[in-house]
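Dear colleague,

Please find the structure below, together with its sequence.

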Amino acid sequence: MVISPPQKLTMLFEIIGAGVFSYGLFYLLAMCFVDCDVELWFYSIFGRSPRKLKGKVVCITGASSGIGEHTAKALAKRGVKLALTARRKNELERVKRECIELSKGQLVDDDVLVLAFDITDLSLHKKVLEQIINHFGSLDILVNNAGRSQRALFEHIQMNVDKQMFDLNVFAVVNLSRFAVKYFSERGSGHVAVVSSLAGVFGVPYSATYTATKHAIHGYFGALRTEKTGKNIAVTLLCPGPVYTNFLQESFTEKDGEKYGIPANKTDRRMTGERCGELCAVALANRTHESWMGIFPMMPFVYTAVYFPIVSKMCLKLLGPQRLFKIRDSKEITLDEVAIA
Ligand SMILES: NC(=O)c1ccc[n+]([C@@H]2O[C@H](COP(=O)([O-])OP(=O)(O)OC[C@H]3O[C@@H](n4cnc5c(N)ncnc54)[C@H](OP(=O)(O)O)[C@@H]3O)[C@@H](O)[C@H]2O)c1
């Protein structure tokens, strides 16, 4: 059978169309069934295993609980040497013991260093990094994880709360990272990661300052990544959605000195800390630029917000901020004015 040139052209377009359709369908299904972005999911199966980080030195801030603790444990299982920092020394010592146990003989006491300090005291940062480098002889990856969230109504937030949140979630991260980047630049390689949030990708209701701090992180570290292109210094933004940790209880509110104080329930729809730590380890091993994590419906939400802003606007109108809050926290909002409205 002879195929004419117009028929050949039609066939070519049909093949391209089928390819585009299959790619779209694959993404749509992946978004609904996986608990992270498609790139990270792909790396978790076919990418560089975190085992490849064995023997490297990783410093994790905020390692006394939650995502920091679970990332430390995921790395310890692969024989990664760790510097663990936070304020609660006894909790850090507990995490250290558990990391050594999980490493099954790959790590000994000297391979996990505990440094208890308040990360908002910027005057300590240089000394802390020097202590780590002197102890291990090098530092390969800095994971900035320490941080706190917020539940508050925008118009009620006291300026002092904004300032404290930027001190912890932004300026402490930037200051510590500057010392690390100077060191990485001198030795010609290194990796800086920050535990941001899906709130760093789109605006979440009742957490305005928190959203702003995480967006600021994306600004600072996006610029750093561009500056260091081709210089063997990687920058990774780890963006979890709701994860089961102490986070909610520890959250700032609108008032200076107040904590939200409502703990997450075991039954809440949140990713486990273990799974989040594992995904962070995969992202670090593969030096991703930005990795999203969260159980359904977080991935369709974030993909829609980033790639289909008009659809996202319509969804927001249909759902409303309070239902979005419920999806995020698995409970009704308790802020007085919102609850009454
Ligand atoms: N859980 C979530 O749903 C979620 C979602 C997206 C992003 N995140 C991000 O994940 C990171 C960790 O949060 P998490 O959920 O694991 O909460 P978490 O269990 O409360 O952990 C927070 C960590 O930060 C440390 N920290 C807080 N203030 C500090 C300070 N002033 N100085 C030194 N360390 C300090 C805490 O240790 P000490 O109290 O011992 O100092 C703790 O180890 C945060 O950056 C957060 O924005 C969490």
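How far apart do the end C-alpha atoms of residues 12-30 lie, and is the span helix or strand? The distance is 27 Å, and the span is 100% helix and 0% strand. The unreviewed UniProt entry annotates residues 12-30 as "transmembrane region"; such annotations may be inferred rather than shown by experiment.

Please note that this is a predicted model, in which local features need pLDDT of at least 70, side-chain atom pairs count only at pLDDT 80 or more, and totals for chains, interfaces and linings use all residues. Residues are numbered from 1 along each chain as its sequence is written, and side-chain values use heavy atoms, without hydrogens and water.

Helices (H or I, at least four residues) and strands (E, at least two) are DSSP runs, numbered from the N terminus. Strand β2 (residues 81-86) has five of its six residues buried, that is, under 20% relative accessible area with a 1.4 Å probe, protein chains only. Five bridges join β2 to strand β1 (residues 57-61), in parallel, and C59 has A83 as its bridge partner in β2. Strand β3 (residues 112-116) also runs parallel to β2, joined by five bridges, with A86 opposite A116.

Turning to the ligand, R87, R88, N145, Y210 and T245 come nearest of the 29 residues around it, where being near requires a heavy atom within 4 Å. A polar side-chain atom of R88 lies 2.7 Å from a ligand oxygen atom, while for S64 the corresponding distance is 2.8 Å.

Yours sincerely

Methods
Buried < 20%, exposed > 50% of the residue type's maximum accessible area, 1.4 Å probe, protein only. Pairing = 2+ DSSP bridges. Polar contact = N/O pair within 3.5 Å; in protein donor to acceptor, adjacent residues only side chain to side chain.
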